[in-house]
Amino acid sequence: MSQRLHSDIDVDSHPGRKATISREDLIAAALKLIGPHRSVSSLSLREVAREAGIAPNSFYRQFRDTDELAVALIDLAGQSLRKIVGEARHRAATRRSIVRSSIEAFMEQLRADDKLLHVLLREGTVGSDAFKRAVDRELSFFEEELRVDLIRLAAIDKITLHEPALVARSITRLVFAMGATAMDMPREKDHELIEQMSTMVRIILAGSRAMAAAGKAANAGN
């Protein structure tokens, strides 16, 4: 799920401490400390350094502060989820299966051990302004990719969507809001949530198609 992020560097030797440390090591350490009830913004530099097995001063060789680490985590989480959901969308054969497969991929990532999606869901609501901007930037990437897919599928089906960009935004924000709720719910509820989200997304799409059709009819009558 993760990718190699820049080079390893030497740190002062110390019993029990690593001889080298990388950005990826620090990100992995932070991910071990967070969870459904622990935000990145609550982590201290010393906690992350201790988990990574380095001296606190060595942290600064990779990140200016924990805020920069959090933004790197948010970016990594967004990249990872976009890849997973994008692959799910392209594997699906129909519009209905695209909706469901994308939501299933989202929920699978929510329950994944790497906790990356937790970062996006938590920091968008409880993080600093910088974290919220980083999360919003990642959501905007999702929205743009979904907008392109929606227009492509509409062209294949020879239909028109009303405000596809707004439709993409509505779907993205809905799924992430539901995901934030799902973090605090037992895994046994996932099937029910997937059904609910799939239905909600189809309602949004149906409404967009109906509004587009009504607009065409009104224009034709003028």
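Modeller: A residue counts as exposed when its relative accessible area is over 50%, as buried when that area is under 20%, and as partly exposed in between. The model is a predicted one. Lys158, with a relative accessible area of 76%, is therefore exposed. Its place is in the loop between H7 and H8, and its phi is positive, about 60°, although Lys158 is not a glycine. Glu163 lies in the loop between H7 and H8 as well. Glu163 has a positive phi too, of about 50°, and is not a glycine. With a relative accessible area of 44%, Glu163 falls in the partly exposed class.

Glu143 and Arg169 form a salt bridge in which the closest N and O atoms are 3.6 Å apart. Because Glu143 belongs to helix H7 and Arg169 to helix H8, the pair ties together parts that are 26 residues apart in sequence. Glu143 is buried, at 10% relative accessibility, while Arg169 is partly exposed, at 38%. Both residues belong to a network of salt bridges that also links Asp136 and Arg173.

Asp149 counts as buried, with 7% relative accessibility, whereas Arg152 is partly exposed, with a relative accessible area of 35%. In total, the structure holds 14 salt bridges.

Rolling a probe the size of a water molecule over the atoms shows where empty space is left. One cavity of 30 Å³ or more is counted, and the space within the largest cavity is about 310 Å³. Its lining is made up of 19 residues, of which Val85, Arg89, Ser102, Leu146 and Ile171 are the closest to the centre. Helices H7 (129-156) and H8 (164-182) are among those that supply at least two lining residues each, together with H4 (66-91), H5 (95-110) and H9 (190-221). The largest share, six residues, comes from H5. By class, the lining has 14 nonpolar, two polar and three charged residues.

Note on methods: Residues numbered from 1 in each chain as written. Predicted model: local features only at pLDDT ≥ 70, side-chain atom pairs only at ≥ 80, totals over all residues. Heavy atoms only, no water. 1 Å grid on protein atoms, 1.4 Å probe; cavity = no way out; pocket = protein on both sides within 12 Å on 5 of 7 lines; lining within 4 Å. Points joined across faces, edges and corners; volume = space filled by probe spheres on them. Helix = DSSP H or I, 4+ residues; strand = E, 2+ residues; numbered from the N terminus. Nonpolar A, V, L, I, M, F, W, Y, C, P; charged D, E, K, R; others polar. Buried < 20%, exposed > 50% of the residue type's maximum accessible area, 1.4 Å probe, protein only. Salt bridge = Lys/Arg side-chain N within 4 Å of Asp/Glu carboxyl O.
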